[in-house]
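Reader: Before we discuss this model, I would like each term to be set against its definition. Could you take me through it in that way?

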Amino acid sequence: MTMKNTGTMRGPAIFLSQFIGDEPPFDNLDNIARWAASLGYLGIQLPTTDPRFIDLATAAQSQTYCDELKGRCAAAGVEISELSTHLQGQLVAVHPAFDAMFDDFAPVERRGNPAARTEWAVEQLKLAAKASRRLGLSAHATFSGALMWPFFYPWPQRPHGLVEEGFAELARRWRPILDAFDEEGVDLCFEIHPGEDLHDGASFERFLDAVDHHPRAHILYDPSHLLLQQLDYLAFIDCYHERIRMFHAKDAEFLPNGRSGVYGGYQAWIDRPGRFRSLGDGQIDFHGIFSRLTQYGYSGWAVLEWECCLKDASQGAAEGAGFIKERIIQPAQHAFDDFASVAPTPGRNRAILGLDNKH
């Protein structure tokens, strides 16, 4: 029996947000692309808030500019895997309790003005849709923002209809953005992440219902955030594989004790029971994840997102490329037992089942 080849997962790639800085080689696109390639990465996932790496407005308008960006990356030995608007997406929906903490994500002239800040964020997402299409990308990474996060624990008791109204408003804000991505032929992938209204499967389902199962509403799968919620991150793939279009390979561990657990007791990352670890140092079953994703035909990028409270970023990045490369599975082109296949002939299956015997 011949099996359908749905394509091989691509990678390794690296998300650049945790590495961008003011010192070489992290200070501009050409330098950081060469650095990534020197470590064995084939792709870079590119944040869009720093014009040293990409001018989002120009990329949305100019095919020549986008072709030049692609050429510069190719000359360094990598390609752009996806663009990211995590910080801008956060500002699409901000509860007033977090206004001051998220205000710095916006340009200086928009700060202190939540309406202007949100307007800017929405426009940024729409520019990212156009830029992604010009760059030949099929998926885009973002956050959903959060209107309801202050109420994630049901105490005090939530008034009837509060959550429903929250998701309805979230859908009103995101529906035009999803439509803009649909016009450009690009999937919008929400990272399922604590601190966002879309933080687990149940919340993603509610959002999906609220946007009428929009064809561009998809998932950026990061198992570290699921482990720290004590969610079954392998079963999550079984449930939502049709909507998983992006993958962050990030590790974590959960070591509860007599003092604190999932909520962390307001402790620093190094002291929390649940903490992020460099790839391979935590508890995540990556063999299981790569197998599940391959089983369901995932052919997008495997992207390292490095975060660790113990190991230095340079070491984590250097180790991550090989870790991912070793786990990418080439999908089987045929069934392993084809050597013993039985040739079909007319009526043979009925005969084998004994259905043509007279009794």
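Reader: What share of the 359 residues in the protein is made up of buried residues, and what makes a residue buried?

Author: This is a predicted model, in which local features need pLDDT of at least 70 and side-chain atom pairs count only at pLDDT 80 or more, while totals for chains, interfaces and linings use all residues. Residues are numbered from 1 along each chain as its sequence is written, and side-chain values use heavy atoms, with hydrogens and water left out. A residue is buried under 20% relative accessible area, exposed over 50% and partly exposed in between, judged with a 1.4 Å probe and protein chains only; by that criterion, buried residues make up 49% of the 359 residues.

Reader: Which strands form the closed barrel, and what makes two strands a pair?

Author: Two strands pair if DSSP finds at least two bridges between them. The closed barrel of eight strands runs S1-S2-S3-S4-S5-S6-S7-S10, with parallel pairing. The twist averages 35° from one strand to the next, with axes fitted as lines to C-alpha atoms (for helices over the stretch in contact) and angles running from 0 to 180 degrees between N-to-C directions. Strand S2 (residues 43–47) and strand S3 (residues 79–85) meet the criterion with five bridges in the parallel sense, and Pro47 has Ser84 in S3 as its bridge partner. Helix H1 (residues 29–38) packs on the sheet, touching S1 and S2, and its direction makes about 145° with that of S2.

Reader: How do you know that S10 pairs with S1 and with S7?

Author: Strand S1 (residues 10–15) and S10 pair in the parallel sense over three bridges, with Ala13 opposite Val303. Strand S7 (residues 244–249) and S10 likewise pair in the parallel sense over three bridges, and the bridge partner of Phe247 in S10 is Ala302. From S10 (residues 301–304), Trp301 and Val303 point one way and Ala302 and Leu304 the other way, and all are buried.

Reader: What makes a nonpolar core, and how many residues has the largest one?

Author: A nonpolar core is a set of buried Ala, Val, Leu, Ile, Met, Phe, Trp, Tyr and Cys residues joined through side-chain atoms within 4.5 Å. The largest has 92 residues, and those with the most contacts inside it are Ile14, Ile44, Tyr221, Phe247 and Ile289. Contact means heavy atoms within 4.5 Å, and Ile289, leaving aside its neighbours within four places in sequence, is in contact with residues including Tyr221, Tyr233 and Phe247.

Reader: Why does Cys309 count as partly exposed?

Author: The relative accessibility of Cys309 is 23%, so the residue counts as partly exposed. Cys309 lies in the loop between S10 and helix H12 (313–327). Leaving aside neighbours within four places in sequence, Cys309 is in contact with Trp269, Ile270, Arg275 and Phe276.

Note on methods
Helices (H or I, at least four residues) and strands (E, at least two) are DSSP runs, numbered from the N terminus.
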